[in-house]
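My entries follow in the order I looked things up.

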Amino acid sequence: MRTFLFLLFAMAFAVANGCSQNYTPPAETSSTEAVGAITAVLDAWRSGQTPESLRDQKPSIIVADEDWQSKSELHSYQLFDLPASGGVSARIGALLELSGPQGRVRKEVRYLVSTNPIVSVVREDEIGRAHV
């Protein structure tokens with residue numbers, strides 16, 4: 001019983017101590033900054049740059065897109081579902097026209113874009129696909 005009470009007290013102390021610390025949430029990503037970041041990323045891809053080249057620029061942009069990393073070529077893109085207001089990150093849709101191992105395809109995808117504390121653009125999911 002004594003061990004149980006000690007463990008209960010230790011857990012209560014840990015929870016109370018963790019909750020009393022000042023937590024500062026990340027700053028919001030503005031929709032303007034998010035659109036600027038995804039546009040810079042897709043323009044770089046379309047011009048033949050690599051994801052690594054964006055990491056080396058100032059400000060650095062971290063990119064994760066499996067098609068780009070597998071050397072697919074981006075011919076064109078069109079953004080849709082632009083965010084109206086900020087949050088920690090913004091979801092932005094894009095229609096991509098690519099050439100890769102499957103030939104030339106159009107894909108509807110979504111990106112998760114964050115600008116605070118670092119700029120990151122991560123491909124979230126594929127909505128649809130069509131061969132061109």
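I started with Lys71, which sits in the loop between helix 4 and strand 2. Helices (H or I, at least four residues) and strands (E, at least two) are DSSP runs, numbered from the N terminus. Lys71 is not a glycine, yet its phi is positive, about 75°. I found Lys71 exposed, at 70% relative accessible area. For the record, buried means under 20% relative accessible area, exposed over 50%, and partly exposed in between (1.4 Å probe, protein chains only).

This is a predicted model: local features need pLDDT of at least 70, side-chain atom pairs count only at pLDDT 80 or more, and totals for chains, interfaces and linings use all residues. Residues are numbered from 1 along each chain as its sequence is written, and side-chain values use heavy atoms, with hydrogens and water left out.

Next I checked Asp81, in the loop between strand 2 and strand 3. Asp81 also has a positive phi, near 50°, and is a residue other than glycine. Asp81 is partly exposed, with a relative accessible area of 44%.

Then I looked at omega. Lys58 and Pro59 are joined by a cis peptide bond, with omega about -5°. Pro59 belongs to the loop between helix 3 (51-56) and strand 1. Another cis bond joins Asn116 and Pro117, with omega about 5°. Pro117 lies in the loop between strand 4 and strand 5.

**Fold and surface**

I counted four helices and five strands. Along the sequence the pattern reads α-α-α-β-α-β-β-β-β. The protein has 132 residues, and 30% of them count as buried. I took contact as heavy atoms within 4.5 Å. Among contacts between residues at least 6 apart in sequence, 49% join residues at least 24 apart. The accessible surface is about 8,300 Å², with 57% of it from carbon and sulfur atoms. Areas come from the Shrake-Rupley method with a 1.4 Å probe; for residues, only the protein chains shown count as cover.

**Core**

Which residues touch the most other members of the largest nonpolar core? Ile38, Leu42, Trp45, Leu96, Tyr111, Val113 and Val121 do, out of 25 residues. Such a core is a set of buried Ala, Val, Leu, Ile, Met, Phe, Trp, Tyr and Cys residues joined through side-chain atoms within 4.5 Å. Helix 2 gives the most to this core, seven residues. I then traced Ile38: beyond its neighbours within four places in sequence, it is in contact with Leu79, Ile92, Tyr111, Val113 and Val121.

**Charged pairs**

I found nine salt bridges. A salt bridge is a side-chain nitrogen of Lys or Arg within 4 Å of a carboxyl oxygen of Asp or Glu.

The side chains of Asp43 and Arg46 form one, 3.0 Å from N to O. Both residues are in helix 2 (residues 31-46), three apart, so about one helical turn separates them. Asp43 is partly exposed at 30%, and Arg46 is partly exposed at 40%.

Glu66 and Arg123 form another, 3.4 Å from N to O. This pair links distant parts of the chain, 57 residues apart: Glu66 in helix 4 (residues 66-69) and Arg123 in strand 5 (residues 119-131). Glu66 is partly exposed at 48%, but Arg123 is buried at 7%.

Last, I checked Arg104 and Glu97, whose closest N and O atoms are 2.7 Å apart in a salt bridge. Arg104 is partly exposed at 36%, while Glu97 is buried at 12%. I also noted one network, in which salt bridges with shared partners join Asp65, Glu66, Asp67, Lys107 and Arg123.
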